[in-house]
Amino acid sequence: MTDPSLAQTQAPSPATTGVLVILTVKAGITRDQVMAVMPDEVRQTVQLYLNGKIREWYSRSDGRGAVFLLDASDVAEAHATMDALPLSKQELIDHEYIAVGPLMPLRLLMSKP
């Protein structure tokens, strides 16, 4: 998208339909510190999944955390969900939040020429 006029004429940002959360173990935190909390973390995370708050979840291939796709209407809601978990409460992990929504270029398929 190199034409600036194209960027200006596009529709506004999509509605947020979920929030991607990237969890990373903080620097200096040992595996033993994380593993001491994992039984509670796993139980509470599974409960969030069963309640429909977590749509998808993955392990990071670098072994430093996880990636969740939360059913949340905004980043604040996702933040509140993640802050309630044991690893967050004990400040062992960092989070990156990315609001996501429908792929906006697909709207071009719906417009009449």
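Ile 54 sits in strand S2, which spans residues 54-59. The model is predicted.

**Ile 54**
- Ile 54 counts as buried because its relative accessibility is 2%, and the cut-off for buried is under 20%.
- Contacts of Ile 54 include Thr 45, Leu 48 and Tyr 49.
- Ile 54 also touches Phe 68, Leu 69 and Leu 70. Residues up to four places away in sequence are not counted here.
- Asp 71 lies 17 residues from Ile 54 along the chain, yet their C-alpha atoms are 6.0 Å apart.

**Strand S1**
- S1 covers residues 18-25 and is mostly covered, with six of its eight residues buried.
- S1 runs antiparallel to strand S4 (residues 93-100), and eight bridges join them. Within this pairing, Ile 22 stands opposite Glu 96.
- S1 also runs antiparallel to strand S3 (residues 65-70), with six bridges between them. Here Leu 23 stands opposite Ala 66.

**Nonpolar core**
- The largest nonpolar core holds 19 residues. Val 21, Phe 68, Leu 70, Ala 78 and Met 82 have the most contacts inside it.
- At least two residues each come from S1, helix H2 (31-50), S3, helix H3 (75-83) and S4.
- S1 gives the most to this core: four residues.
- Ala 78 touches Val 19, Val 21, Leu 70, Ala 72 and Tyr 97, leaving out residues up to four places away in sequence.
- Leu 70 and Phe 68, both named among the core residues with the most contacts, are also touched by Ile 54.

Note on methods
Residues are numbered from 1 along each chain as its sequence is written. This is a predicted model: local features need pLDDT of at least 70, side-chain atom pairs count only at pLDDT 80 or more; totals for chains, interfaces and linings use all residues. Side-chain values use heavy atoms; hydrogens and water are left out. Buried means under 20% relative accessible area, exposed over 50%, partly exposed in between (1.4 Å probe, protein chains only). Two strands pair if DSSP finds at least two bridges between them. A nonpolar core is a set of buried Ala, Val, Leu, Ile, Met, Phe, Trp, Tyr and Cys residues joined through side-chain atoms within 4.5 Å. Contact means heavy atoms within 4.5 Å.
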